[in-house]
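Please look through the sequence and the model shown here before reading the report. It takes up salt bridges and then the packing of helices.

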Amino acid sequence: REYPIDRELIEWGRMAATFDGKNLYYRGPGTFAVAQRLHQANREKAMRHVKQKLFDGEKKSSQDLEYCLLRGGKDTCRHNTDHEDLFRQESFFHYLFGVEEPDCSGLIEVETCRTTLFVPRLPQEFAVWLGTIPSLETFKQKYGVDEVMYSDDLAAELGRLKPQRVHLLEGTNTDSGLTMKADTTWFGDASGFEVATDVLYEALCDSRCTKTAEEVEVMRYVSKISSDAHVRVMKACKPGMMEFQLESEFLHHCYSSGGCRFAPYTAIVGAGEHGAFLHYGHSGAPNAGQIPDSSLVLIDAGGEYHGYAADITCTFPSSGKFTPEQRVAYEAVLDAHTKVIASMKPGVSWLDMHTLAERTILSGLAAGGFLAGDLDEMMAANLGSVFMPHGLGHLIGIDTHDVGGYGPRFPPRPDRAGANRLRTARMLEQDMVITVEPGCYFNRYLLTRAFGDASHSKFLVREKLEANLNLGGVRIEDNVLITADGSESFTSVPRTVEEIEALMAS
């Protein structure tokens with residue numbers, strides 16, 4: 001492979017290592033160039049949502065001088081050592097500003113969207129360790145803001161602007177349950193203006209749950225890179241390999257070919273029974289198993305580019321050929337995956353899509369001899385939650401589980417098992433990007449419990465299920481954009497049994 005030399009890129013790299021003089025974010029030849037317009041559009045959209053909150057949905061102009069003030073992420077160290085963690089920007093701050101550097105803050109005037117970025121004033125001798133310290137003008141050119149000042153000038157700038165109200169972030173993430181509390185002490189004396197914490201968090205969640213055209217293009221790119229990485233993993237897989245070797249293959253392709261330094265989450269590479277553990281791959285089970293012959297391999301992995309995530313899952317046979325039982329489970333999930341995507345469009349209930357997936361998977365298992373009985377009665381007994389104990393999918397964007405899934409104006413979290421794991425129960429809207437990830441798992445714990453539950457056991461063909469407890473799990477996951485009249489999947493990997501077997505034989 002030859003690597004073309006970009007003299008202009010090298011020259012700009014002497015000024016600021018991640019700025020090519022034209023694009024806000026670019027990782028060199030062959031990677032996607034992110035324009036400043038992406039975050040400008042995000043700010044404009046977000047301020048429209050702020051104004052809608054302020055005026056109860058009416059389109060008005062504020063007569064008060066209102067600002068939104070956000071604080072970026074801070075550099076951290078590992079526990080009590082001086083080992084610096086690799087910095088990744090706080091997600092709300094990244095959404096509005098796209099800033100890679102830590103310890104920054106930003107101020108946006110609500111009415112005009114005029115934006116000021118505040119950056120730390122670093123001693124010049126830091127250049128010995130960090131390289132050339134960018135000037136304020138370089139920051140301004142790179143991030144496309146109206147003005148850049150040093151962080152120690154923030155209090156004086158607020159005093160000069162004399163705002164009537166300053167909005168700070170405060171709210172609870174509906175996935176983690178963690179609350180972001182507004183700190184009113186870091187920006188100096190707030191006695192000259194009102195501090196509001198009841199608008200900005202919800203407004204930004206609403207803004208982030210649909211994507212601009214510029215965001216969509218980044219997500220298409222990172223999904224393409226991640227799809228290609230999955231294809232490489234399928235072709236590389238051989239019985240006897242370690243699970244982490246497939247993880248390594250995936251991460252290498254995303255970074256080497258796509259410029260994806262970060263992964264949005266820890267990869268799950270589960271072979272055999274490990275594929276039935278939904279979040280396998282954690283530090284206590286670090287993809288460290290050896291891949292058996294003729295086992296299913298489930299790999300859930302994605303790349304991250306400029307803070308935007310892909311989240312794709314593929315399931316395939318380690319030996320390149322599905323066994324009859326593996327094929328039954330796989331095609332039941334694939335049928336659910338296909339039917340859901342074909343049904344997705346604005347106005348469709350995500351809870352209804354989850355129910356459709358459950359019903360389709362149960363139907364496939366019954367046709368394959370794993371279940372017996374009336375399908376409507378299985379659904380009434382909530383048997384689907386035994387085989388798919390997670391939600392059908394989640395909003396995705398700057399976070400893998402992106403914000404906006406639940407809120408005061410949207411349907412509440414369902415109560416029934418399985419559906420209660422949905423990260424949103426909303427009606428689909430145009431420009432949402434959401435994962436579609438139906439799954440079927442032969443989880444030893446769940447099946448053992450179901451064998452002892454009369455409401456479930458009457459449908460289970462126990463002998464066949466017990467003979468296949470090592471089958472593991474099947475999950476098939478795409479990243480899907482809701483369009484004006486349907487949907488578009490960003491994911492491009494072999495999906496049918498025939499496509500997967502042909503690829504692995506090539």
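Is Glu 466 buried, partly exposed or exposed? With a relative accessible area of 39%, Glu 466 is partly exposed, a class that lies between buried (under 20% relative accessible area) and exposed (over 50%), computed with a 1.4 Å probe on protein chains only.

This is a predicted model, in which local features need pLDDT of at least 70 and side-chain atom pairs count only at pLDDT 80 or more, while totals for chains, interfaces and linings use all residues. Residues are numbered from 1 along each chain as its sequence is written, and side-chain values use heavy atoms, with hydrogens and water left out.

**Salt bridges**

The structure holds 40 salt bridges, each being a side-chain nitrogen of Lys or Arg within 4 Å of a carboxyl oxygen of Asp or Glu. Three of them are set out in the table, with the N to O distance of each pair.

| Arg 165 | Glu 194 | 3.2 Å |

The salt bridge of Arg 165 with Glu 194 links distant parts of the chain, since Arg 165 lies in strand E5 (residues 165-167) and Glu 194 in strand E8 (residues 194-196), 29 residues apart. Helices (H or I, at least four residues) and strands (E, at least two) are DSSP runs, numbered from the N terminus. Arg 165 is buried, its relative accessible area being 17%, whereas Glu 194, at 42%, is partly exposed.

Glu 466 and Arg 462 both belong to helix H16 (residues 462-466), where they are four residues apart, about one turn of the helix. Arg 462 is partly exposed, with a relative accessibility of 44%.

**Helix packing**

Helix H8 (residues 213-236) and helix H9 (residues 243-258) have axes that come within 9 Å and cross at roughly 140 degrees; axes are lines fitted to C-alpha atoms, for helices over the stretch in contact, and angles run from 0 to 180 degrees between N-to-C directions. H8 is therefore oblique to H9, because angles under 35 degrees count as roughly parallel, over 145 as roughly antiparallel, 65 to 115 as roughly perpendicular and the rest as oblique. The contact (heavy atoms within 4.5 Å) involves residues including Tyr 221, Ile 225 and Val 233 of H8 and Leu 246, Phe 250 and Cys 254 of H9.

Helix H2 (residues 37-54) packs against helix H7 (residues 200-208) at an angle of about 130 degrees, with the axes 8 Å apart, and H2 is thus oblique to H7. Among the residues that meet are Lys 45, Ala 46 and Val 50 in H2 and Glu 202, Ala 203 and Leu 204 in H7.
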